Structure formats: C-alpha cells, structure tokens
Protein chains: 2
Amino acid sequence: MNTVLHNFSAGPGILPQSVVEASARDLVNFSGTGLSVIEVSHRGKEFVAVMEEARTRVRGLLQLGDDYEVLFLHGGASLQFCMVPYNLLPEQGMAAYLNTGVWASKAIQDARLLGRVEVVGSSEDRNFCYIPRGYSIPSDASYLHITSNNTIFGTEMHQFPDSPVPIACDMSSDIFSRPIDASRFGLIYAGAQKNMGPAGTTLVVVKREHIGKSGRRLPAMLDYAVHSKGDSMHNTPPVFAVLVCMHTLHWIEEQGGLTVMEQRNRTKASLLYSEIDRNPLFRGTADTADRSLMNATFVLSDEQHKAAFDALLREARISGLEGHRSVGGYRASMYNALPRSSVQVLVDVMQELERNNG
Amino acid sequence: MNTVLHNFSAGPGILPQSVVEASARDLVNFSGTGLSVIEVSHRGKEFVAVMEEARTRVRGLLQLGDDYEVLFLHGGASLQFCMVPYNLLPEQGMAAYLNTGVWASKAIQDARLLGRVEVVGSSEDRNFCYIPRGYSIPSDASYLHITSNNTIFGTEMHQFPDSPVPIACDMSSDIFSRPIDASRFGLIYAGAQKNMGPAGTTLVVVKREHIGKSGRRLPAMLDYAVHSKGDSMHNTPPVFAVLVCMHTLHWIEEQGGLTVMEQRNRTKASLLYSEIDRNPLFRGTADTADRSLMNATFVLSDEQHKAAFDALLREARISGLEGHRSVGGYRASMYNALPRSSVQVLVDVMQELERNNG
C-alpha cells in the first residue's frame with residue numbers, strides 16, 4: 001500500500017507532525033526519566049506538570065476566567081451525554097436540546113432517561129443538512145444543549161443562540177478551530193480526537209457554579225465535583241492522551257492561537273467549497289449558510305463517476321474521504337493540522353475528474 | 001537527573017521495552033499507512049484488526065469460552081465501580097462485597113448509591129493487611145464483588161472463594177500475572193495500567209448471561225449491552241491504549257503465557273520477601289499467607305535508616321518504591337515486565353544498608 005500523503009479523516013483525525021514526534025519521544029524517554037510516559041506514576045511531578053500545563057493552555061486559549069473549571073476526563077464525549085444531565089439536571093427539572101444530528105440525538109436519548117427533555121429545534125426533516133433557527137428556549141430549562149459542529153452532516157453553528165439559560169455545548173469537532181466567547185457557555189465538552197489529540201480523553205470546561213448543583217447523588221466517576229476536587233486525577237487519568245493534547249495545545253499557541261487557526265480554516269474551507277460550487281460534477285449537501293469549516297460534505301452529481309474519482313483520490317494518496325453511511329458521498333475533514341496544500345491537492349483531483357469527463 | 005534503571009512503580013507501571021518500542025513505531029507509522037495510529041479512523045480495517053487481535057488474545061490467555069464477552073472500554077477501573085452494579089444489580093436486589101482495601105471501599109461506596117450492599121467480610125480492622133476468611137456469602141446476592149490484588153496494602157487472594165453467586169472481580173493489578181480459572185467468574189475487570197498497557201482503557205470480561213439483566217434503563221456508555229453490540233466500538237475507543245495492550249498481550253504469549261508469568265513472578269517475589277524476612281532492618285506489612293506477588297509492602301524496622309536507604313535507592317537508580325500514604329514505608333511493584341535483575345538490585349541495596357549499619 002502507498003502511504004497516505006493527505007489525511008482527511010473525520011476523526012480520529014490528523015494531528016501536527018511535530019506533535020506526533022514529540023509524543024513518540026515521550027513514549028520512549030519521558031522528561032529525562034529514561035522511562036516511557038506510560039510507565040510512570042501519574043502522581044509523579046513530571047506527569048503532574050503535563051496535566052497542569054494542558055489545563056493552563058486550555059485556559060489561555062479559551063480565555064477562561066477563574067469561574068471556570070477545566071477537566072480532562074476519561075470516556076469520550078459520549079460519556080458526557082449522561083454526565084451533563086446527571087450533573088446539571090435536577091431530577092424534577094427540564095432540559096432543552098437542539099437536535100442537529102446523530103450525536104445530538106444520542107445526547108437527547110441519554111438525557112431522556114434521566115429527566116424531562118424538550119427538543120426546542122430539529123433539522124431532522126432534511127436529514128440534518130442545516131442548523132435550526134427561530135426556536136425559543138424555555139426560561140425554566142436547566143440548560144440548553146447544542147452541538148456546535150456536526151461532523152457527519154457537515155454543518156456548524158456560526159452563531160450561538162442568545163439563551164436565557166446556561167448553554168451546554170458538545171464542541172468535539174470544532175473546539176480550538178476558532179476563537180469563541182467562552183463566557184457565553186455554562187459547559188463545553190469535547191472528545192480529543194479531532195483538534196486536540198488521541199481518542200481517550202475528553203475536555204470538560206464547566207462554570208464552577210454548575211458543579212454539584214443537580215442534587216443527585218452520583219457515582220464518583222460521573223460527578224464533576226469529584227473530578228474537580230481531584231484536579232482531573234480522581235483516578236489514574238488517560239495519561240498518554242492528555243500528554244498529546246498538551247503538545248497540540250502548545251502547537252496551536254506557537255502557530256499564533258485561535259485567530260490564526262480560524263484564518264487558516266476559513267482559507268481551506270473556502271478553497272474547497274468554491275470548487276464544490278463551481279464544479280458541475282459535485283454538489284454540497286449542507287445548506288450554504290451552515291456549512292462547516294471542519295467537515296465539508298459533498299456528493300457526485302452523477303454516481304457513474306464514482307469509480308474514476310475514487311481512483312484519482314487513491315492515486316493522489318488522499319485518505320479518509322468516505323462520507324458517513326447516513327449521508328453517503330464524500331466528507332473532507334479539514335482539522336487544524338491539515339495543511340492548505342492537502343486541500344489544494346483535493347481540488348486539483350476534482351478538476352482533473354472534470355477534465356476527464358468534460 | 002539520572003535516568004531510571006529499575007522501575008518499581010505501582011501503576012502506571014513498567015511495560016516490556018519491546019512493547020514500548022513497537023507502540024512508538026505505530027505512533028509514527030501505523031500498519032504501513034504512513035500515518036500515526038492516533039490519526040486514523042478507528043473503523044478503518046487497520047485499527048479494527050488491532051481491536052480484534054487484542055480481544056482474541058485475551059480470550060486465548062484466559063481460555064474463555066464463547067459464553068464470555070470481552071470488552072475494552074474507557075474510564076478506568078473506577079468507572080466499573082458503578083457499571084458493575086448498574087448492569088448486574090437489579091434496583092431491588094442486593095450485592096455482597098468483600099472489603100480488602102481502598103479500591104474495594106470505593107467500589108462499595110458507588111454500589112451503595114445504586115442498591116443494597118452487604119459487606120460480607122473486611123480487613124479494615126488491621127489496615128487491610130490480610131484477606132478475610134470464613135465469611136459467608138448470601139445466596140440471594142446478585143453477585144459477590146472481590147478485589148483480587150490490593151496494590152496499596154500488598155495483599156493478594158491466592159484462592160478465590162467458593163461462591164453460590166457470580167463473582168465480579170476487580171483484577172486491575174494482577175490480571176495476566178498467573179493462570180486463573182476464568183469460568184469461576186461472572187465478571188472480571190481490570191484497568192490497563194499495570195500488566196497490560198497505558199492508563200486509559202479497562203478490560204471487561206463478562207459472562208454473556210449477565211449482560212442486560214439488571215432491568216435498569218442505562219445511559220448508553222454505562223451499558224455493557226451497548227458496548228457488546230458495538231464490539232467495543234460504540235464510540236471511538238481509546239485507540240492508543242488498546243494498541244499497546246494488544247502488543248503486551250502478544251509479548252505475554254511470546255514469553256510462554258501465564259504459566260511462565262507466574263513462575264517468574266513467584267521467583268521475583270520469593271527473592272524479595274526472603275530478604276525482607278531475613279534482613280533485620282526491614283519488616284513486611286502484609287500477613288505472610290496473603291502477600292501479593294505483584295506489590296510487596298515493607299517498612300524499615302527503624303525509621304532512622306530512611307535517609308541512608310533512600311540515598312542507596314537513588315544511587316542504584318531505582319524508582320517508584322515509595323509506599324502509599326495510607327501505609328507508609330515502601331512498596332515494590334513487580335509487574336510482569338519487571339526483570340528479576342531489578343529485584344536482585346533492590347535486594348543488594350537492602351543488604352548494603354544492613355552492612356553499613358551492622
């Protein structure tokens with residue numbers, strides 16, 4: 001097999017090469033110990049420093065005030081589907097959810113087991129190809145849950161709702177891709193495996209005032225209060241995943257921070273979407289106004305070109321472009337670490353297909 | 001700082017050097033893709049093969065029948081403290097627990113939130129320095145929960161109880177250290193970071209007949225049935241942690257399997273315990289009959305030798321020997337990957353201390 005040159009994987013997704021290399025070094029000789037980072041105590045000063053550095057960098061990049069707690073937890077974003085209601089929704093309370101795709105639906109499913117849920121808006125009627133607008137948020141909801149980027153459907157919230165209640169946001173696939181006003185959120189969570197690091201840790205940023213307020217008695221691992229008290233070390237944390245996140249956060253800072261990430265991501269997305277719109281052989285699947293900067297979803301105008309297009313992709317050593325089975329077609333994920341040149345190669349391939357079928 | 005030559009860390013603990021090296025290679029170029037294992041889809045054929053190989057090797061080493069499911073989950077063994085009762089304890093049921101230390105106590109604490117718990121035996125009266133005997137197990141319990149090895153206190157169950165109800169065992173710190181008759185267990189779980197791999201994944205071996213039987217409606221990530229249906233891929237698994245486990249399981253097989261592991265572990269433990277018993281400057285803290293092959297806990301007969309002993313340890317480039325704060329003294333963890341030569345160096349240091357203070 002030819003090695004891949006252009007990694008458009010939807011997640012786990014591309015990471016900066018320098019981050020992978022630094023992590024590989026720590027895997028063999030961590031912090032001068034002569035030991036691997038995965039075979040030393042997480043309570044040793046070397047790893048405690050990694051955890052603290054990762055948390056501090058999150059604070060810096062998101063410009064968080066002291067009223068926010070930053071946690072690196074186990075379990076993937078999917079575990080947060082139940083942890084958010086366990087921690088923020090009183091047993092007799094109600095939570096508002098916006099349904100924008102597969103992951104939002106799973107979050108709703110878990111929340112429904114734990115309390116009353118009101119789905120305030122949904123784009124299910126058109127296979128989640130847009131972000132609902134004009135919905136109203138009940139002021140007696142404990143929180144409004146939204147999903148800022150919908151990997152599968154290629155949609156992203158470019159504006160966040162004005163909400164009378166705290167917003168809890170699944171930001172798994174677009175965190176650190178652009179500056180956000182974090183103070184507008186009560187809680188943000190994100191699985192690491194897109195813009196941060198390896199699958200296996202989840203970042204939770206939560207306003208301290210929401211911790212321990214649902215009135216539920218929770219098992220330790222499901223309780224933000226326990227993790228907060230333990231500085232993300234209530235139990236052995238997913239050491240390696242946190243280490244890689246720390247390196248990636250450092251890389252983002254070195255590159256110039258979230259403003260630079262956004263500029264680059266806009267440039268890449270614009271390059272690809274322009275080609276999708278121009279090239280008669282392709283058609284985008286998400287509504288233009290709600291297109292994601294992270295995941296561009298598109299289909300062939302005519303399925304008869306599939307074999308030829310796939311062959312050109314292979315030849316160009318592009319990988320990870322298959323669309324999710326619920327949408328079909330193609331999905332180009334353009335996370336922070338994907339260089340503009342990879343997008344250009346994809347655009348070139350799309351134009352080559354057009355020329356070959358002119 | 002001098003690099004460490006002898007890693008006695010209690011966990012995350014020592015792994016075979018060849019496993020660390022193979023994992024570092026996969027981190028840079030996984031399965032010939034040219035990409036890192038942490039930046040490719042977990043649903044790609046390359047990683048699916050890793051997950052299947054890891055599960056198959058667990059089956060082989062534990063000689064599991066088809067009536068057992070093997071899962072690699074997120075969350076650490078601590079998450080199992082609630083998942084075991086969520087999945088195995090009906091709301092009106094009762095579970096029996098044996099209290100042999102800090103981790104057993106935490107398991108009991110979580111279970112008490114979720115149902116009725118009977119603590120059938122405890123060694124708390126002597127700071128958990130022994131394994132309780134002669135307790136009776138109520139036949140109406142949904143299960144009996146035990147902790148096979150107690151890392152902090154240096155005790156290990158050398159025989160498992162005859163139980164009229166299914167046994168659920170936290171085997172985090174001695175799994176794969178010796179052959180066991182897995183058919184005697186309804187459920188075994190183990191955090192990876194001792195004998196298997198990096199912190200961040202937990203092995204769950206569960207008899208299929210116990211899956212989905214508590215009658216509770218559970219959030220997806222807490223439900224063994226969901227993970228079983230998804231072949232440990234309900235959500236993105238902790239990819240790198242599973243990969244390292246796969247390599248370690250392979251290493252165990254190559255070395256000759258669990259019988260060889262046990263022989264080596266007995267040799268190492270015998271070498272160290274003989275010295276602890278012989279050398280008047282040291283005293284073991286666990287009852288002799290219940291001493292752990294994995295974690296030997298001991299104290300100085302006279303604390304005045306502490307500075308001298310610690311200096312000798314540093315000089316010999318031994319690390320990870322500090323005892324847990326609840327016991328004090330020293331703890332030598334001798335997981336599978338620790339060579340006999342490291343134990344010999346420790347014994348030499350103990351004898352040197354004796355000579356210097358003869």
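Gly191(A) stands opposite Thr202(A) in strand 10 of chain A. The model is predicted: local features need pLDDT of at least 70, side-chain atom pairs count only at pLDDT 80 or more, and totals for chains, interfaces and linings use all residues. Residues are numbered from 1 along each chain as its sequence is written, while chains are lettered from A and ligands numbered from 1 in the order in which they are written.

Strand 9 of chain A and strand 10 (residues 202–207) of chain A pair in the antiparallel sense over five bridges. Two strands count as paired if DSSP finds at least two bridges between them. Strands, like helices, are DSSP runs numbered from the N terminus (helices: H or I, at least four residues; strands: E, at least two). Strand 9 of chain A has a further partner in strand 8 (residues 167–170) of chain A, parallel over three bridges. There Asp170(A) stands opposite Tyr189(A).

How many residues of strand 9 (residues 187–191) of chain A are buried? Five of its five residues are, and the strand is mostly covered. A residue is buried if 20 or more other C-beta atoms lie within 10 Å of its own, exposed if 12 or fewer, and partly exposed in between, with C-beta atoms placed from the backbone. Leu187(A), Tyr189(A) and Gly191(A) point one way from the strand, Ile188(A) and Ala190(A) the other way.

Now take chain A as a whole. Chain A holds nine helices and 14 strands. Of its 358 residues, 55% count as buried. The C-alpha trace spans about 65 × 55 × 30 Å along its principal axes. The radius of gyration of chain A is 21 Å, which agrees with the value near 21 Å for a compact globule of 358 residues. That radius is taken over C-alpha atoms, and the globule rule is 2.2 Å times the number of residues to the power 0.38.

In chain B, an open sheet of seven strands runs in the order 2-10-9-8-5-3-4, with mixed pairing. Strand 2 (68–73) and strand 4 (116–122) of chain B stand at the edges; each has a single partner strand, so one side of each is left without a neighbour in the sheet. The twist averages 15° from one strand to the next. Within the sheet, strand 5 (residues 144–147) and strand 8 (residues 167–170) of chain B pair in the parallel sense over four bridges. Leu144(B) has Ile167(B) as its bridge partner.

Axes are lines fitted to C-alpha atoms, for helices over the stretch in contact, and angles run from 0 to 180 degrees between N-to-C directions.

How do the chains meet? The contact takes 55 residues from chain A and 55 residues from chain B. Two residues are in contact if their C-beta atoms, placed from the backbone, lie within 7 Å. On the chain A side, helix 1 (17–28), helix 3 (76–88), helix 4 (102–114) and helix 6 (239–255) each give two or more residues. That side divides into 29 nonpolar, 22 polar and four charged residues. Ala, Val, Leu, Ile, Met, Phe, Trp, Tyr, Cys and Pro count as nonpolar, Asp, Glu, Lys and Arg as charged, and the others, Gly among them, as polar.

Chain A can be laid on chain B with an RMSD of 0.0 Å by a turn of 180° and a shift of 0.0 Å along the axis. The superposition is by least squares on the C-alpha atoms of residues with pLDDT of at least 70 in both copies. The two copies are therefore related as by a two-fold rotation axis.
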